[in-house]
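Student: I have a new structure open. Can you walk me through part of it?
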Amino acid sequence: MTHHSRPSTQEHYVAPFDDVTSFEELKDAPPPAKFKLTFMGKIGAVVVTFWVLIALLGPFIAPLGENELPFPDAYSEFQAPQPGAWLGTDVDDRDVLSRLMFGASRTLGIAFAATIIAYFFGVILGIGAIVAGPKVDLVVSRINDAFMSLPTIMLGLVVVAAVGSSIPILILTAGFIYTTVVFRLARGIGMDIIVMDYVEAAKVRGDGIWWIVTREIWPNAAMPLISDFGLRLIIVILFISSLGFLGLGVQPPQADWGSMVRENLGALQYGESYLPVIAPAVAIATLTVGINLVVDDISSHAGRKLSGRM
Amino acid sequence: MMDDIVFQAKNLQIHAMRDDGSELPIVKGVDFKVHRGEVVALIGESGSGKTTISLSALGYCKPGLKFAGGQAELLGQDLTNMTTDALRPLRGQRVAYLAQSAAATFNPALKINEQVTEAPVIHGTKTQNDANLRALELYRALELPNADTIGDRYPHQVSGGQLQRLMAAMALCGDPDLLVLDEPTTALDVTTQIEVLKAFKKVIRDEGAAAIYVTHDLALVAQIADYIVVLYNGEIKEKGPTDVIINNPQHPYTKRLIAASRLEPQTQHSAQEQPAEIEPPALTTTQIDAGYGPTKDGRPLVQILHDVDLSVQRGQTVGVIGESGSGKSTLARVVAGLLPPASGSVVLADETLPPALAQRNRDQLRRIQFVYQMADTALNPRQRIRDILGRPLEFYTGVSGREKKDKIDELLEMVDLPKSFAGRYPHELSGGQKQRVNLARALAASPDVILCDEVTSALDSIVGANVIALLKDLRERTGIASVFISHDLSTVASYAEHLVVLYAGRVVESGLTHQVLSNPQHPYTRLLIASVPEMRIGWLEDAAKARITPTGTSDNKFSTASGCPFMPRCPMVIDNVCSRVTPPRRQANPGSNHGFACHHDVNALAVETVSPESHQI
């Protein structure tokens, strides 16, 4: 083998330079972008805001009471939209619009409360399990797996059938069921973070568990967990609505979207309009899609952050 | 030859698209040519655009980037405005890409041969039979062991260095006109790198292939390239034939790059033969045995460290050097208390430290600080610099408010960062700046000893050289003792007065840096020193000639309770002795603390001479 066989025939070029050129160190990565909603995300945000406002204000601004009849003097089941009942009337002659607004606060309220519970216990247990060490983690995880293996709707049915249906029971049941899922998620996210050198650095420094969890792990876990929160909320809404549709959710005469769909099913057969069924179904659908659109934006942002951190 | 242009970039411009729709130029009008049979190196630090430019030879832009002007011509065809469908027949056939990590390139579920021959068979340029013959020819050319059967193995059944060579076979199997190599040896140990580099060079020469070689390592480039393009911030600063760039650089940036790659080893400096007897060493480890897994009979299931001694004086540095898997990081973890040793002790000045972190008191923790390799993972991305530096301050010294703020400013000043950085998050800083913050956090505890684990390995040469300069300065100002762990001998040698060479968890040689470098005794130390690329054209060939082990690979190292771990690679094994008896520790010179562990004594080792070049770094 020769040393340098072929001297290059190409030219030598030197870029022009000043005598005092300094070469700043190049940034290796652009700073992460600020969080911004995309066009679809904005649409989602508008829809979600709309429903949240309805849920908050609905009971106060609804044209009629939850069980008030717009036409008390007439036999008025499944009427078409008309002045006084803008979305028509339901199976028991009540105003669909008013019930939809009352139902919004109940459906969203239950789902929100249940999701908060699921997050509260799921995150504490999930992050607690990894911080507490492999043995505790193993035990808690297997117990969690056992509960997770139960089909959610079946579990809900059994609980409601056994204890009876009330709003607190619904919230606790949904909260418990989804705690198992959030546990998994929080544990997974926490596992990725706890192996980071900055966590080890805190341990080597002598910092306690409380500091490590609240200052080192939590701030980094929060973003991905928040993006999942919205998703979990949707699933809980669908769960509550499914139970409602099966007659095991919110009990009549109280309104919630799922049970509204069920009690008005007759409108599809002999109503003047389909609206008593369609309206709550559309409400569930738009809210679900709206939250999804916003969550998409948040999670793609969080994803970028995550990958930037690795 | 002038007309035989394989690839040409003509005023090539590539822009990044930002979220707000504006464009950021990444490559700002780059011109260069690659002739048939020529290796052109693109060299620059990270962020210089070298990888982006090299990918343009495949007509590819990373997501978020786009061709904004100029041409990237492969065999006269402009690739910048071609559709993916039009590019497909070119890729893998006319041009092939060799990535940095072979482990990530090979599919672990398929046999090697299947993957090596895939491209030409899929493109229809070769039958499976022809492709197999071609692959075999390449395995032989690349000097792979068991060339006839290696193709039948799965990727995990061969070593990292072999896989890297197999990736070259994969790229060359379809007889491409152009080869794009992106840092193909960066992930390898030096002793493995030299074999791979040699094989690459031979095969590129023999095949007459043209190649674009992307790297940040000038010493490597000097071995393999015919022509060098120096990039900075997306612009060509200088380009020319290798010998001109290496020996007669004109542009100040090229000069700095070369200066940063030529680190001077520590000479006598502050290191006396017997330093300050009066003072006990700042840190001593004695007979450390450590490892992972459950312990049985006082020994861990997987023992990593055997009998490791180390000591460092105040104001001095001991460099711990070894390849991946040598146990150097494990040693740091033992000292830091993260891994309690199975036996042996860690002594801090006059006080023996409890083995486990939890048993050490706050002051003991304060006195040893750990500096991590990757500032990216060592700094919490959700904390501002002032919180990152403030925590150790308040934790160890209890300062707060105004006083804490002043201390933070002082720390930032110590590591040459502006005070305004206190309010920033880590991602708003460059790699070198983050590493300075990382260092400042360790200094915040006013420690007696800092453990630096590969602190410059992830940095570009210029930036790394600056961090070393800063460490030297801090050592002088604060009298801190440091343990500097690295796989890079030239970096260690430029900073540490003492060297400890680890192999498979055992100290094979130790002593003052200049003694170890000028008079290496252990065959492994010799191999290591001879493997560090010199920035000199023709070094590779000289080193290959002078090599004391013909085909050394670092993958078959073993770690046993007795015997010499280097035995499988050693050229001077004594039958029935090296495999069974742990080598005795010998002195290189009477009265010095330059020692080594070998069954051969100094005189026997002297017979096995090493060529003079390999004594230099």
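Tutor: Start with a term: two residues are in contact if their C-beta atoms, placed from the backbone, lie within 7 Å. This is a predicted model, where local features need pLDDT of at least 70, side-chain atom pairs count only at pLDDT 80 or more, and totals for chains, interfaces and linings use all residues. Residues are numbered from 1 along each chain as its sequence is written, while chains are lettered from A and ligands numbered from 1 in the order in which they are written.

Student: Which residues of helix 17 of chain B meet helix 18 of chain B?
Tutor: On the helix 17 side they are B:Gly431, B:Gly432, B:Gln435 and B:Arg436, and they meet B:Val463, B:Asn466, B:Val467 and B:Leu470 of helix 18.

Student: And by class?
Tutor: That contact has 3 nonpolar, 4 polar and 1 charged residues. Ala, Val, Leu, Ile, Met, Phe, Trp, Tyr, Cys and Pro count as nonpolar, Asp, Glu, Lys and Arg as charged, and the others, Gly among them, as polar.

Student: At what angle do the axes of helix 17 and helix 18 of chain B cross?
Tutor: Roughly 25 degrees, and the axes come within 10 Å. Axes here are lines fitted to C-alpha atoms, for helices over the stretch in contact, with angles from 0 to 180 degrees between N-to-C directions.

Student: New topic. How many helices and strands does chain B have?
Tutor: Chain B has 23 helices and 22 strands. Both are DSSP runs numbered from the N terminus: helices are H or I, at least four residues, and strands are E, at least two.

Student: What does the C-alpha trace of chain B span along its principal axes?
Tutor: About 75 × 65 × 50 Å.

Student: What share of the chain B contacts with a separation of 6 or more joins residues 24 or more positions apart?
Tutor: Such residues account for 68% of them.
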